[in-house]
Amino acid sequence: MRSILAALQKSRPSAFAQVVAASGPADLTVADAAALTAALAGRSDTPARIQVGEVRLEVSAAAPAASGPLVGQVAIVSGAASGLGLGVARGLYKAGAAVLFTDVDAAGLQQVEATFNDPARVHTAVVDVTNEQSVADGFDAALKRWGRVDGIACCAGVAPAGPLEDFPLAKWNLSLAINLTGYFLFGREATRIFKAQGHGGAMVLLSSKSGLEPSKNNTPYNATKAGELHLARGWALELGPDGIRVNCIAPGNVFEGSKIWNPTYIAEAAKKKGIKPEEVIPHYINLTALKRDIKPDDIANAAVFLLSDAARCVTGQVLVVDSGQVWTR
Ligand SMILES: NC(=O)c1ccc[n+]([C@@H]2O[C@H](COP(=O)([O-])OP(=O)(O)OC[C@H]3O[C@@H](n4cnc5c(N)ncnc54)[C@H](O)[C@@H]3O)[C@@H](O)[C@H]2O)c1
């Protein structure tokens with residue numbers, strides 16, 4: 001299926017396609033991806049129904065109706081059932097993209113489907129970012145639904161905190177698996193598809209200000225978030241010749257909707273700062289130059305920019321969205 005869709009993308013870079021069960025006559029019937037390439041090279045229109053062996057494609061020359069800088073793009077977001085992932089996915093959708101929301105939280109994804117209620121541009125898939133097959137299946141779900149992938153945002157992350165001397169190995173390993181291996185598997189899968197399609201692509205890796213300046217008692221979070229910055233830089237260097245851009249966003253503390261900022265985490269932060277739990281959020285907001293509460297929409301706006309053509313010459317960068325808190329880059 002991937003080779004057929006890639007063949008379609010190579011000759012019709014703006015086409016969308018849905019893989020459906022065959023019914024009725026096709027406008028074009030070919031045996032395989034090579035035959036599809038040859039057939040499309042000989043005609044100027046975009047056939048609406050293409051039968052390739054057992055695969056039937058319902059093709060549309062243009063994107064589902066929408067407006068905004070991301071119209072024509074399909075984006076896949078990890079960790080999109082909660083917090084910043086949900087906020088980023090919502091922002092990409094509002095900017096016109098068709099968005100596959102992925103997460104391990106099946107109930108959260110059902111809620112997403114019900115909230116958006118727009119099957120033309122919102123689709124969900126249960127994906128565990130630490131599992132190779134699960135990630136591949138998630139990308140296939142986007143390909144089957146829209147026939148293409150143009151951008152990804154890696155947002156699934158965890159932040160178990162605590163002092164080093166007592167820190168459990170299992171929590172360290174979990175952090176590496178989700179925050180680093182998860183980003184690696186998502187980036188690798190996107191790269192395979194972007195290269196096969198032949199028209200570039202863009203990735204946004206959600207890191208953190210803790211990737212630039214460590215926060216206290218946060219060993220695995222600091223290490224993995226710093227690692228993500230260098231994943232992005234290395235990939236930007238490696239994939240630039242294929243027109244693939246890779247950038248990071250480093251948010252400051254974002255409380256709204258975040259399950260990382262759960263009562264246990266807030267209690268841990270209160271202990272670390274020597275303040276009461278109810279003082280934690282105002283305390284962190286007060287640490288910023290702007291004294292401004294950062295919202296998921298602020299992070300989404302950065303993601304929209306980085307995935308859009310407005311950032312066509314921006315790659316390997318870290319966009320810090322922290323109301324002015326860390327000053328290293
Ligand atoms: N909230 C903040 O203050 C803040 C600041 C900087 C960076 N970030 C980054 O933003 C991202 C999201 O954080 P959040 O605060 O919104 O947290 P959150 O816990 O609200 O959301 C994380 C999501 O990731 C999902 N997830 C966990 N393990 C997964 C797995 N194996 N596969 C797929 N999905 C999985 C969870 O189900 C959840 O929906 C993280 O990468 C985090 O490092 C958050």
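**Notes on the predicted model**

1. Lys 291 is found in the loop between helix H9 (280-286) and H10. The model is a predicted one, and in it Lys 291 has a positive phi of about 55 degrees although it is not a glycine. With 11 C-beta neighbours inside 10 Å, Lys 291 counts as exposed.

2. A second residue to check in the backbone is Asn 217, which is not a glycine and yet has a positive phi of about 60 degrees. Asn 217 sits in the loop between S9 and helix H7 (219-239), and since 17 C-beta neighbours lie inside 10 Å of this residue, Asn 217 counts as partly exposed.

3. Helix H7 also contains Pro 220, which is buried, with 22 other C-beta atoms within 10 Å. Leaving aside residues up to four places away in sequence, Pro 220 touches Pro 160, Lys 171, Trp 172, Ser 175 and Leu 176. Pro 220 and Phe 167 are 53 residues apart in sequence, while their C-alpha atoms are 9.4 Å apart in space.

4. Nine of the 12 residues of H10 are buried, so the helix is largely enclosed by the rest of the structure. The buried residues are Pro 296, Asp 298, Ile 299, Ala 300, Ala 302, Ala 303, Val 304, Leu 306 and Leu 307. What covers them includes helix H3 together with strands S5 (74-77), S8 (151-154), S9 (201-206), S10 (244-251) and S11 (318-321).

5. Which residues have the most contacts inside the largest nonpolar core? They are Val 77, Leu 92, Val 99 and Ala 303, in a core of 85 residues. This core draws at least three residues from each of domain 1 (2-60) and domain 2 (74-321). Not counting residues up to four places away in sequence, Val 77 touches Gly 85, Val 88, Ala 89, Leu 92, Val 99, Phe 101, Thr 102, Ala 153 and Cys 155.

6. Strand S8, one of the elements that cover the buried residues of H10, contains Ile 152. Ile 152 is buried, with 30 other C-beta atoms within 10 Å. Beyond residues up to four places away in sequence, Ile 152 touches Ala 75, Ile 76, Phe 186, Ala 190 and Met 203. By C-alpha atoms, Ile 152 and Ile 281 are 30 Å apart in space and 129 residues apart in sequence.

7. The domain assignment of the chain gives domain 1 (2-60) and domain 2 (74-321), whose C-alpha centres lie 33 Å apart. In the contact between them, 13 residues of domain 1 meet 10 residues of domain 2. On the side of domain 1 that touches domain 2, the elements giving two or more residues are helix H1 (2-11) and strand S1 (16-20), and the largest share, six residues, comes from H1. By class, this side of domain 1 has nine nonpolar, two polar and two charged residues.

8. Pro 13 lies in the loop between H1 and S1, and with 13 C-beta neighbours inside 10 Å this residue counts as partly exposed. The C-alpha atoms of Pro 13 and Gln 197 are separated by 7.9 Å, although the two residues are 184 residues apart along the chain.

9. The ligand is surrounded by 31 residues, of which the closest are Gly 79, Ser 82, Gly 83, Gly 157 and Ser 258. Helix H3 (83-94) and helix H6 (169-197) each supply at least two residues of the shell around the ligand, and the largest share of the shell, three residues, comes from H3. By class, the shell has 15 nonpolar, 12 polar and four charged residues.

Technical notes:
Residues numbered from 1 in each chain as written. Predicted model: local features only at pLDDT ≥ 70, side-chain atom pairs only at ≥ 80, totals over all residues. Near = placed C-beta within 6 Å. Helix = DSSP H or I, 4+ residues; strand = E, 2+ residues; numbered from the N terminus. Nonpolar A, V, L, I, M, F, W, Y, C, P; charged D, E, K, R; others polar. Buried ≥ 20, exposed ≤ 12 C-beta atoms within 10 Å, placed from the backbone. Contact = placed C-beta atoms within 7 Å. Domains from an automatic or database assignment. Core = buried A, V, L, I, M, F, W, Y, C linked by C-beta atoms within 7 Å.
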